[in-house]
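Here are my notes on this model, in numbered points. Please keep the structure open while you read.

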Amino acid sequence: MSSPARVDNLDMGATVWMIASTALVFLMIPGLGYFYSGMVRSKNALSLVFLCMMALAVVTVQWVVWGYSLALSETSNNGFIGDLGHWLFLDVDYRPHPNAPTVPGVVFATYQCMFAALTPGLAIGGAAERIRVLPTIVYTFIWTTVVYDPIAYWVWAPGGWLAKLGVLDFAGGCAVEIASGFAALAFYAVLGKRRGFGEEKWQPHNHLNIILGFAFLFFGWFGFNAGGASLVSGRAGIAFMTTNIAGAVAGIVWVALAYWQQRRFSSFHFCSGAVAGMVCVTPAASLVSTWAAFPMGAAAGLFCFCAVEVSLRLGIDDCIDVFAVHGVGGVLGVMLTGVFANKHVIGLDGAVSKGGLINGHAHQLLIQLAAAAASAAWSFGVSYLVLRAMDCVPIFRFRVDAAAEDHGLDFTELGEAGYSFVRDLALAHAPASRPHSLSKPLITEAPTPPPGTTAAIEAIIIQHPHDSRPMLKGSPSSGTVAELPSPK
C-alpha cells in the first residue's frame, strides 16, 4: 500500500483543473459516438453511439475492480503489470499518486478512468457495421484488462519498463492511440470486410453528426492533453495550445490534399485531419515548445491522409479510418516526440530530462521506437488472439449474419432506429393486413411497393443519402425489409 501523504501538499487549483478535465474527457466519449455514427450508414448509426457509451460503463466497472491497480500501481515489483493493491479502489482516497503529487489519488484515478473508457470505443470503430453487441461488451472488459492496462503500466506507472527506460509519452500516444489503432486492425483481420465493400460506393450519411461529434472531441481533447499538466509552471497552457495548433494545421493540410485530389472542399476531410493532428501531438502535448505543433500537425495531416489512401488501394475495410488516423498517427506522434521534446519545457515544473533530438539527445529516438513497436505489437497480437478465441464460442461470435448486416445493426442488435423517418414512411404505406415484427426482421426479395411509395422513398434518399441504399430498397447487398414494427 502507498505511504500516507500530507493533506497540505495537495493543491486546490490543480485538483479543480483535473476534475474539470475529467468532465472534458467524458464528453469525448459521446462525441466519439456521434463522430462515428455520421461516418457510417444510417441503419448502423445508433449502434455506434450505444457501444461507445457502453464502453464507458463497462470500463468504469473494470477500472474500479482492478483496472486502476493493474495500470497505475505504484507498489508493483515488476515492470510489466501492476499488482492488486488498489483493487476495488482500496486506499484510493486523498493520498496522491506519484504521477500527480498535488492532487488527491481518487481524483487522479477518476481522470485516468476516462482515458481507459475512451480507448476501446476508438478500437470498436474498426468493426463498425458488422459486429454483434454482446461479444463486444465482453471483449471490452477483457481487452481493457489484457491490452490497455499493461501498456498504460509500461509507460506511466513508476515501475513500468518503458517508464524506467525513459520514454516520453505525456497523454497517451502508446496506451490510447497506438493501442486502439492496432486493435482496430486486428478487428479487420478477424472480421474481414463488410458485405458489398468495393462493389458499392459508400459515403458518410450525416455530416452534421460528424461535425457535432468532432466539436465534442476537439473540446474534450483540451482536458485530455492538458488535464495532467501543471498550471503553475505553464505546461498546461502549452499543452492546451499545442493541441489547438496541431489540430488546426492538420485539418488545413488534409483539406488541401483532398481538394487537390477531388477539386472540392469537405467538412468531413477537415474533421478527419484535425483529429489526426491532435492524435499526433498527444504524446508530446506538454513536452514540446508550442512552435513544434506546426510541423507535427503538418506531418500528421500528410501521413495519415496517405495512410487512408494506401488502405483503400490495398482493399482494407477500415471504414472509420481508425488504423490510419490513430494507429499511424499515434506511431508518428510518439516518434516526433523524440525529435521535438524540449528539456527546458519539461523542466518548467522541476522535472529532469535530456529532451529529444533538438537538444542533441538522439538516443531518445531509439527509446521512442521501442515504445511504439512494443505497444503496436502487443495491441495487435493480443487483440487478435482474444478475438479469435472468443469467436470460437458460438455465443461470442462477433460478426452478425448476412441478413442482419444488410438490415442494419440498429434494428437487428438493438431493436431501435437511429432515425424514425424511414420506419414511419414504411408504416404509412404498408398494407394494414401485414403482421409486423422487429425482434425477428424478415429479409426477402424486393416486393412491389404500394402506389406512391417509390417517389416518397426516393425523396428520402435525396435528403438522407445512403450510398448502400436505405433498408426499404432492394440492392445487390442490402435486401429489403418486408416486416417492420407496428406503431404503438
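1. Start with exposure. A residue is buried under 20% relative accessible area, exposed over 50%, and partly exposed in between (1.4 Å probe, protein chains only). At 23%, phenylalanine 197 is therefore partly exposed. This residue sits in the loop between helix 6 and helix 7. Contact means heavy atoms within 4.5 Å. Beyond its neighbours within four places in sequence, phenylalanine 197 touches Trp202, Gly315, Ile316 and Asp317. Cysteine 319 is 122 residues away in sequence, yet 9.5 Å away from phenylalanine 197 in space, C-alpha to C-alpha.

2. A word on the source. This is a predicted model, in which local features need pLDDT of at least 70 and side-chain atom pairs count only at pLDDT 80 or more, while totals for chains, interfaces and linings use all residues. Residues are numbered from 1 along each chain as its sequence is written, and side-chain values use heavy atoms, with hydrogens and water left out.

3. The overall chain. It has 17 helices and 2 strands. Helices (H or I, at least four residues) and strands (E, at least two) are DSSP runs, numbered from the N terminus. Of the 488 residues, 57% count as buried. Among contacts between residues at least 6 apart in sequence, 78% join residues at least 24 apart.

4. The largest pocket. A pocket is an open set of points on a 1 Å grid over the protein atoms alone, where a 1.4 Å probe fits, with protein on both sides within 12 Å along at least five of seven lines; a cavity is a set from which the probe cannot get out; lining residues have an atom within 4 Å of a point. Volume is the space filled by probe spheres set on the points, which are joined across faces, edges and corners. The largest pocket holds about 1,300 Å³. Its lining has 47 residues, and Asn99, Phe170, Gly228, Arg235 and Asp349 are the closest to its centre. By class, that lining has 30 nonpolar, 12 polar and 5 charged residues. Here Ala, Val, Leu, Ile, Met, Phe, Trp, Tyr, Cys and Pro count as nonpolar, Asp, Glu, Lys and Arg as charged, and the others, Gly among them, as polar.

5. The second largest pocket. It holds about 920 Å³. Of its 34 lining residues, Trp202, Gln203, Pro204, Phe268 and Leu312 are the closest to the centre. Helix 10 gives the largest share of this lining, 5 residues. The classes are 14 nonpolar, 10 polar and 10 charged.

6. Of its 19 lining residues, Phe35, Tyr36, Val275, Val325 and His326 lie nearest its centre. Helix 1 supplies the largest share, 5 residues.

7. Aromatic pairs. The structure holds 25. Rings of Phe, Tyr and Trp (its six-membered ring) pair if their centres lie within 6.5 Å; planes under 30 degrees apart are stacked, over 60 edge-to-face, and the rest tilted. Tryptophan 154 and tryptophan 378 have ring centres 5.7 Å apart and planes at 65°, so they are edge-to-face. Tryptophan 154 is in helix 4 and tryptophan 378 in helix 13, 224 residues apart. Tryptophan 154 is buried, at 3% relative accessibility, whereas tryptophan 378 is partly exposed, at 27%.
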